[in-house]
Amino acid sequence: PNGNCINVHNAPNVTIVDSIIGPCGAYGVSVSGSNNVTVQNVTFLPQMGRGVTVSGGSGINLVNNSFTGTEEWRDPSKSWKGTGWGHGLAFEQVEGGTFSGNHFVGSYQNDTASGYSSDFMNIVDNVFDVTIIDDSGAPFTTGDAAGGDDPGGNNYVAGNYVKKSGGVNA
């Protein structure tokens with residue numbers, strides 16, 4: 001579709017499992033104002049926007065998903081172009097949840113997964129296999145207080161692995 005593939009808006013107890021989503025004109029899954037949402041064992045094909053975006057909610061769980069980025073983009077301030085996600089996953093104002101065992105393949109380094117103003121998140125055992133390494137950002141961000149975003153609190157981050165495509169550690 002030209003818009004989001006799946007919208008979850010103000011809905012409780014939603015499970016999306018064992019699916020292939022995309023390509024979409026915007027986001028693969030857009031969640032807003034929803035509680036107890038699980039996305040598990042889903043393959044996200046390249047999107048024009050993010051694979052998953054979450055704005056507001058609680059109990060958000062993304063487990064064992066694969067995000068494949070092959071969208072072409074060009075950075076006008078540099079002489080290179082590449083392929084990959086700007087953001088595979090973005091979440092803000094989320095209270096509690098787990099992002100675990102997800103694999104981001106062929107992603108651009110800058111905020112492959114980013115979270116703002118979120119609390120009590122467990123972010124563990126994810127793999128960020130980025131396409132291009134530069135100094136403009138990090139593959140994973142949990143808030144940017146210097147940029148004015150609330151970094152959230154009481155988040156647990158462990159066991160995540162970042163590497164450059166081709167097997168070279170980032």
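How many bridges join strand 8 to strand 11? Five bridges join these two strands, which run parallel. The legends below describe close-up views of a predicted model.

**Figure 1. Overview of the protein chain in the predicted model.** The protein chain holds 16 strands and zero helices. Of its 170 residues, 41% are buried. Among contacts between residues at least 6 apart in sequence, 58% join residues at least 24 apart. The accessible surface of the chain comes to about 7800 Å², and 48% of this surface belongs to carbon and sulfur atoms.

**Figure 2. Strand 8 and its pairing with strands 4, 10 and 11.** Strand 8 covers residues 89-100. With strand 4 (residues 52-63), strand 8 pairs in the parallel sense over ten bridges. Strand 11 (residues 119-124) runs parallel to strand 8 and is joined to it by five bridges. In strand 11, I123 stands opposite F99. In a regular strand, side chains alternate between the two faces of the sheet.

Figure 3. Leaving aside neighbours within four places in sequence, A90 is in contact with R50, V52, T53, V54 and S114. The C-alpha atom of A90 is separated by 8.5 Å from that of G51, a residue 39 places away along the chain.

**Figure 4. The largest nonpolar core, with 24 residues.** The residues with the most contacts inside this core are F44, V52, L89, F91 and F99. Two or more residues come from each of strand 2 (12-21), strand 3 (29-44), strand 4, strand 8 and strand 11. Strand 3 gives the most, with six residues. The surroundings of L89 are shown in detail: not counting residues up to four places away in sequence, L89 touches V52, L62, F99, F104, T112, A113 and S114.

**Figure 5. Aromatic pairs in the model, four in count.** The ring centres of F44 and F67 lie 4.8 Å apart and the ring planes meet at 5 degrees, so this pair is stacked, as planes under 30 degrees apart count as stacked. F44 belongs to strand 3 and F67 to strand 5 (residues 66-68), so that the pair links distant parts of the chain, 23 residues apart. Both F44 and F67 are buried. F104 and F128 form another stacked aromatic pair, at 5.1 Å centre to centre and with 5 degrees between the planes. Because F104 lies in strand 9 (residues 103-108) and F128 in strand 12 (residues 127-132), this pair ties together parts that are 24 residues apart in sequence. F104 is buried, with a relative accessible area of 1%, and F128 counts as buried at 2% relative accessibility. Ring pairs link F44, F67, F104 and F128 into a cluster.

**Figure 6. N65 in the loop between strand 4 and strand 5.** Although placed in a loop, N65 counts as buried at 2% relative accessibility. A polar atom of the N65 side chain lies 2.9 Å from the backbone nitrogen of V42. Not counting residues up to four places away in sequence, N65 touches V39, Q40, N41, V42, F44, G101, N102 and H103. F44, one of these residues, is also part of the stacked pair with F67.

**Figure 7. T38 in strand 3.** The relative accessibility of T38 is 18%, so this residue counts as buried, given that the class requires a value under 20%. With neighbours within four places in sequence left aside, the contacts of T38 are V14, T15, I16 and N61.

Technical notes. Residues are numbered from 1 along each chain as its sequence is written. This is a predicted model: local features need pLDDT of at least 70, side-chain atom pairs count only at pLDDT 80 or more; totals for chains, interfaces and linings use all residues. Side-chain values use heavy atoms; hydrogens and water are left out. Helices (H or I, at least four residues) and strands (E, at least two) are DSSP runs, numbered from the N terminus. Contact means heavy atoms within 4.5 Å. Two strands pair if DSSP finds at least two bridges between them. A nonpolar core is a set of buried Ala, Val, Leu, Ile, Met, Phe, Trp, Tyr and Cys residues joined through side-chain atoms within 4.5 Å. Buried means under 20% relative accessible area, exposed over 50%, partly exposed in between (1.4 Å probe, protein chains only). Rings of Phe, Tyr and Trp (its six-membered ring) pair if their centres lie within 6.5 Å; planes under 30 degrees apart count as stacked, over 60 as edge-to-face and the rest as tilted. Accessible areas come from the Shrake-Rupley method with a 1.4 Å probe; for residues, only the protein chains shown count as cover. A polar contact is a pair of N or O atoms within 3.5 Å; within protein, one must be able to donate a hydrogen and the other to accept it, and residues adjacent in sequence count only if both atoms are side-chain atoms.
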